[in-house]
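Dear colleague,

I am passing on the structure we spoke about, with the sequence alongside.

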Amino acid sequence: MPEDNRVPVLPNPKPRRTRTNRKLLMLLFLFFITILAVLFFRSSLSRISEIRIEGNEMLTSAEIGQAAAVQAGDHFFAVNTESVRQKVAALHMVQTAEVTKHFPGELRVVVHEYPRVAFQIGADGSRQAVLADGSAVAVPDEDIPVDKPILTGWSDKDPNRKALCLALSAIPAGYLSDISEIRPDPSEAYGDKIKIYTRSKFEVITTVGYLPDKIKNLSAYITSMQESKVTSGVLVLLETDDHLPGSGTGTGDKDAKVKAPKSSNSADKQTEAAPGKASTGTSTGTSTGKSSPPPDQRKTE
């Protein structure tokens, strides 16, 4: 048989040029990415160019910016928004704060201050706004109108003062529009008793604890008495509600829906009565006669 002289065919190896080209392209890509990253972080695009502070009324933008410890030119991606938020929220007049970043280069700080609930006159004679947390800040006379009650005779360390500020912050502004001044008037029975003066020339005696509920009917009390020609007097809003005549009471006292007690001493007994649950049965803010005294008052009478 003829001898088979065929030579086996070996497969051609795959060209290595493709792999080499891919590696080269990958290296070039990484090189250009690195160059672009270096150029970006060295450019102004990677830095904070603007700091926007919004929502502040009592605090100045400079005070907030100083607390945030961030300034234009700082690296945009190096600023931790949560850290900045905590620093701004630590300011005693700030209730909450929000910090966000907007590319390129904008840092936005939105503060929510404690609401103004009253005003007071400082020891140096300057006008101060009192906030819901009890803190006070001086305000320029020309900037903010005095549209809130004025606190007089209060000590900054008085716990009832802070409780009053919290109570005022929860009361709608419409209920406070007639109140001009609030003074502390503590007694043995009512440690948080206060005296309120209204712009309609009435004096109101109540407590910090009773205030949120009693204030809702104050306008109805005053309107009802003005319709009965009663132009002034003392409103005692404690366990029961009574009206006591004042020096400026009009001639229509006998027709008033809220009759004054026969004895002037009843005002002191009413305000010094033992604390109890506030009366909720008055719908128009007036009573039709003398309220029965609490148990301890009966003993004294």
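What follows is an account of what was found, beginning with the whole chain and going on to particular residues.

Please bear in mind throughout that this is a predicted model. The protein chain has eight helices and twelve strands, and of its 301 residues 37% count as buried. Among the contacts between residues at least 6 apart in sequence, 53% join residues that are at least 24 apart. The chain exposes about 18500 Å², of which carbon and sulfur atoms supply 54%.

The aromatic residues come next. The count comes to four aromatic pairs. In one of them, the rings of phenylalanine 76 and phenylalanine 77 have their centres 5.2 Å apart and their planes at 85°, and because planes over 60 degrees apart count as edge-to-face, that is how this pair is classed. Phenylalanine 76 also forms an edge-to-face pair with phenylalanine 103, at 5.9 Å centre to centre and with 75° between the planes. Phenylalanine 76 lies in the loop between α2 (61-68) and α3 (81-89), whereas phenylalanine 103 lies in the loop between β2 (94-102) and β3 (106-113), so this pair ties together parts that are 27 residues apart in sequence. Phe76, Phe77 and Phe103 form one aromatic cluster. Phenylalanine 76 has a relative accessible area of 5%, and because buried means under 20%, this residue counts as buried. The charged end of lysine 101 sits over the ring of phenylalanine 76, 5.0 Å from its centre. Elsewhere, lysine 214 lies over the face of tyrosine 210, at 5.9 Å from the ring centre.

Isoleucine 64, which is found in helix α2, is buried, with a relative accessible area of 0%. Leaving aside neighbours within four places in sequence, isoleucine 64 is in contact with Ile53, Asn56, Leu59, Val88, Leu91, Val109 and Val111. For one of these residues, valine 111, the separation from isoleucine 64 is 47 residues in sequence and 8.8 Å in space, C-alpha to C-alpha.

In helix α4 (residues 159-169), the buried residues are Arg161, Leu164, Cys165, Ala167 and Leu168. These residues cover an arc of only 165° around the axis, which puts them on the same side of α4. At the start of α4, a side-chain oxygen of aspartate 158 reaches to within 2.9 Å of the backbone nitrogen of asparagine 160.

In helix α6 (residues 218-227), the residues Leu218, Tyr221, Ile222, Ser224 and Met225 are buried. Seen down the axis of α6, its buried residues fall within an arc of 165°, so they line one face of the helix. Ser219 and Glu227, on the other side of α6, are exposed. What do the buried residues of α6 pack against? Their partners are β9 (193-198), β10 (202-207), α5 (211-214), β11 (233-237) and β12 (241-244). After α6 comes lysine 229, whose phi is positive, near 70°.

Conventions: Residues are numbered from 1 along each chain as its sequence is written. This is a predicted model: local features need pLDDT of at least 70, side-chain atom pairs count only at pLDDT 80 or more; totals for chains, interfaces and linings use all residues. Side-chain values use heavy atoms; hydrogens and water are left out. Helices (H or I, at least four residues) and strands (E, at least two) are DSSP runs, numbered from the N terminus. Buried means under 20% relative accessible area, exposed over 50%, partly exposed in between (1.4 Å probe, protein chains only). Contact means heavy atoms within 4.5 Å. Accessible areas come from the Shrake-Rupley method with a 1.4 Å probe; for residues, only the protein chains shown count as cover. Rings of Phe, Tyr and Trp (its six-membered ring) pair if their centres lie within 6.5 Å; planes under 30 degrees apart count as stacked, over 60 as edge-to-face and the rest as tilted. A charge sits over a ring if NZ of Lys or CZ of Arg is within 6 Å of the ring centre and within 35 degrees of the ring normal. The arc is that of the directions from the helix axis to the C-beta atoms. A polar contact is a pair of N or O atoms within 3.5 Å; within protein, one must be able to donate a hydrogen and the other to accept it, and residues adjacent in sequence count only if both atoms are side-chain atoms.
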